[in-house]
Amino acid sequence: MLFTEILKDNKIFLRCFKKGSFVSCEYVTAYFMPNNSPYNRMGISVGKKQGNAVKRNRIKRIIRAAYRLNEQKIPIGYDIVFVGRNNVSEKKTQDIEYFINKRLLRKINEKSK
């Protein structure tokens with residue numbers, strides 16, 4: 001990914017959950033907050049309720065692919081955490097991509113003004 005680092009630190013995940021803004025739909029919730037750095041950081045969280053390891057990794061791959069396709073449209077300087085919800089493993093990358101384009105980008109642009 002060009003402008004993005006991977007989030008692995010639990011503190012940053014928790015900070016996004018507690019202090020960040022969020023946008024959600026039926027199958028994905030995205031938490032975001034400014035990080036005051038020249039790059040974005042992206043993390044994905046999928047709970048065990050979503051299924052076994054194969055399904056959870058499929059969900060992560062779908063979200064990662066949708067993010068990669070829209071990475072250049074997202075403003076730089078944000079921490080973004082995606083949380084997989086119900087029936088995400090049955091969705092396609094285009095569904096998540098639509099969510100990023102229509103809901104997440106609009107909300108980030110509203111907050112940055």
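This is a predicted model: local features need pLDDT of at least 70, side-chain atom pairs count only at pLDDT 80 or more; totals for chains, interfaces and linings use all residues.
Trainee: What do the buried residues of H2 pack against?

Mentor: They pack against strand S1 (4-6), strand S4 (40-45), strand S5 (78-84) and helix H3 (93-112). Contact means heavy atoms within 4.5 Å, and buried means under 20% relative accessible area, exposed over 50%, partly exposed in between (1.4 Å probe, protein chains only). Helices (H or I, at least four residues) and strands (E, at least two) are DSSP runs, numbered from the N terminus.

Trainee: OK, which residues in H2 are buried?

Mentor: Arg56, Ile59, Ile62, Ile63, Ala66, Tyr67 and Asn70. Looking down the axis of H2, these buried residues fall within an arc of 130° (taken from the directions from the helix axis to the C-beta atoms), so they line one face of the helix.

Trainee: And what's exposed on the other side of H2?

Mentor: Val54 and Leu69 are exposed there.

Trainee: Switching to the sheet: what's the strand order?

Mentor: S1-S4-S5-S3-S2, five strands in an open sheet with mixed pairing. Two strands pair if DSSP finds at least two bridges between them. The edge strands, S1 and strand S2 (21-24), each pair on one side only.

Trainee: How many bridges join S4 to S5?

Mentor: Five, and the two strands run parallel. As for methionine 42, its bridge partner in S5 is isoleucine 80.

Terms used
Residues are numbered from 1 along each chain as its sequence is written. Side-chain values use heavy atoms; hydrogens and water are left out.
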